[in-house]
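Please read the following account alongside the sequence and the coordinates. It goes from strands to helices, then to salt bridges and a cavity.

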Amino acid sequence: MVFQFSPVVHVKVEKKPEQLKIPKLGDLEVAVLELIWARGNASAKEAHGAVGLSRGISLNTVQSAMERLYRKGLLSRQKYGHAYRYSASVPRERLLAALINDVLGRFNNDSASSVAAILDAAEQYDAETLALIEAEIKGRRERGE
Amino acid sequence: MSAFLGFAWLLFLLAAGTWLLSSALVPLLVRLALPVSLTPGARAQRLWLIAALPLLLPFTVVSAAFFLGLAKKLDWIHDHCVHHGIGHPHLCFEHLPQLFLDYPQALVAGGFASVLLLLSGRFAIQQWRQALRLDSLKAFARGSGRLRLIDDARVLAFAAGLRRPQVFMSRGLLHALNRRERRIVLAHEAAHLRHGDLTKTFVFELLLLLHFPLADQALRRSWRQVMEERADDRVVNRFGTTAVASALLAVSKAAMQPAGALSVAGADPLQRVQRLLASPAERKQSGVFAWGYGAAVLAAGVATVVAHHDLETLLGILV
């Protein structure tokens, strides 16, 4: 049986994009974010104890990183006594999804030339074509091809 | 000095004219010269040639005009310029054109240069931002080698990065596929790295800077499709056609699930599956286009030299 090469019918499902601007994040900033996502909230001292000590980083450096995340809008904070307690403004899944979308050039006009993605899958494919292809593959498997 | 500027202005007009002509030809070539029946390699070759046309054709014509001027200066060809009248600028170093260049000419030339600089600058900034985003993504991803795992429920697999390209795969993809399918997807992405596809795409995008907006989109789409099909073919050699087609189909179906829906700048997987399943005899190669293209560009250069008098007359009308 010769499998005919025929055009695929697509039905494009348009989704309004959820755009979140992701600033550049350094390793320490990511480590702080991961800590806060895991714990819910943390002070600079707690964050230093968890991620700074093992990296040989001072408390001031961790404080600066948290301050930067606050200014980037990724952390919110409340003052308790003399110290701030930081919590995440953006859920982890949402930030990671937005970052991935940025890298893949999903919602902007960036050419994203340095990415080769395996699929283009915002579309719902014609069920009949899918079924035909599946049947063909099944047939080939049964014939041992 | 003004005579040299006049000569430069003529060359600029030549370059701009041929750039416009080649840009007008590109949509026609995209429509006619990239049938899906050709192998991905053949289509890639044609895409390179089409993408390079707005650069190659003006370069050839301007070089030919420059050579003509030089040839007269060095007495390689007979100097017949003295027989031309006023209002007929010469592409000639012996009799540099006496043109009155003023603000309009400066504005036009400056405008072109500014647009080119703007596009190049924007491209450079895009690449720099992309590098920053990738660095941020790597900080979230697990693994430290060429393979990075992203904690995302969606079905994702991509190769990324110019300086140190890596493969990224998502938790969603690992859960959605069986072991063999995962190996095929990984091999596909690794094929992009091994064959320098990301660098080639970068250079291709550089060429697209010289194209009009809609034409460059069509070329970009075709290029990405071809890149993915080539990677598919490389993986077919190792796993077999049916296995690769089946893996692609599994990825497509998994990505259609609600959590899996994602629009990325990739290629059409169902078209790729159908191509894989098509008979090998239906896939053609052809060198005719490349030869024809080369001959046409060369002919443009030769025509510039042979018909330079008519060209000078045309330039005289324009200036």
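In the hairpin formed by β3(A) and β4(A), 2 residues stand between the strands, and A:Gly81 has a positive phi near 70°. The model is a predicted one, in which local features need pLDDT of at least 70 and side-chain atom pairs count only at pLDDT 80 or more, while totals for chains, interfaces and linings use all residues. Residues are numbered from 1 along each chain as its sequence is written, chains are lettered from A and ligands numbered from 1 in the order in which they are written, and side-chain values use heavy atoms, with hydrogens and water left out.

Helices (H or I, at least four residues) and strands (E, at least two) are DSSP runs, numbered from the N terminus; two strands pair if DSSP finds at least two bridges between them. Strand β3 (residues 75–80) of chain A runs antiparallel to β4(A), and 6 bridges join them. Within this pairing, A:Lys79 has A:Tyr84 of β4(A) as its bridge partner. Strand β4 (residues 83–88) of chain A also pairs with strand β2 (residues 41–43) of chain A, again in the antiparallel sense, over 3 bridges. There the partner of A:Ala42 is A:Tyr86 in β4(A).

Helix α5 of chain A covers residues 127–143. Its 17 residues should span 24 Å at 1.5 Å a residue, and the end C-alpha atoms are 24 Å apart, so the two values agree. The expected span is 1.5 Å times one less than the number of residues in the helix. Burial is judged by relative accessible area: buried means under 20%, exposed over 50%, and partly exposed in between (1.4 Å probe, protein chains only). The buried residues in α5(A) include A:Thr129, A:Leu130, A:Ile133 and A:Ile137; A:Glu136 and A:Arg140 are also buried there. A:Gly144 follows α5(A) and has a positive phi near 80°.

In chain B, the secondary structure comes to 11 helices and 3 strands. Along the sequence the pattern is α-α-α-β-β-β-α-α-α-α-α-α-α-α. Of its 319 residues, 49% count as buried. One residue of strand β3 (residues 166–170) of chain B is B:Met169, which is buried with a relative accessible area of 3%.

The next topic is charge pairing. Side chains of opposite charge can pair when their charged atoms come close. A salt bridge is counted here when a side-chain nitrogen of Lys or Arg lies within 4 Å of a carboxyl oxygen of Asp or Glu, and over all chains the count comes to 21. A:Glu34 and A:Arg92 form one, with their closest N and O atoms 2.8 Å apart. A:Glu34 lies in helix α1 (residues 27–39) of chain A and A:Arg92 in helix α4 (residues 92–103) of chain A, so this pair ties together parts that are 58 residues apart in sequence. A:Glu34 is partly exposed at 26% relative accessible area, whereas A:Arg92 is buried at 16%.

In chain B, the side chains of B:Asp151 and B:Arg171 meet in a salt bridge of 2.5 Å, N to O. This pair links parts 20 residues apart: B:Asp151 is in the loop between β1 (147–150) and β2 (157–160), and B:Arg171 is in helix α4 (residues 171–176) of chain B. Both are partly exposed, B:Asp151 at 35% and B:Arg171 at 33%. Another salt bridge, of 2.8 Å from N to O, is made by B:Glu205 and B:Arg220. Here helix α6 (residues 197–208) of chain B holds B:Glu205 and helix α7 (residues 213–239) of chain B holds B:Arg220, 15 residues apart. B:Glu205 is buried, with a relative accessible area of 3%. Salt bridges that share partners join A:Glu34, A:Arg92, B:Asp151 and B:Arg171 into one network.

On a 1 Å grid over the protein atoms alone, a cavity is a set of points where a 1.4 Å probe fits but cannot get out, and lining residues have an atom within 4 Å of a point. Grid points are joined across faces, edges and corners, and a volume is the space filled by probe spheres set on the points. The second largest cavity has about 40 Å³ of space. Its lining includes A:Ile118 from chain A and B:His188 and B:Asp232 from chain B. The largest share, 4 residues, comes from α8(B).

Notes
1 Å grid on protein atoms, 1.4 Å probe; cavity = no way out; pocket = protein on both sides within 12 Å on 5 of 7 lines; lining within 4 Å.
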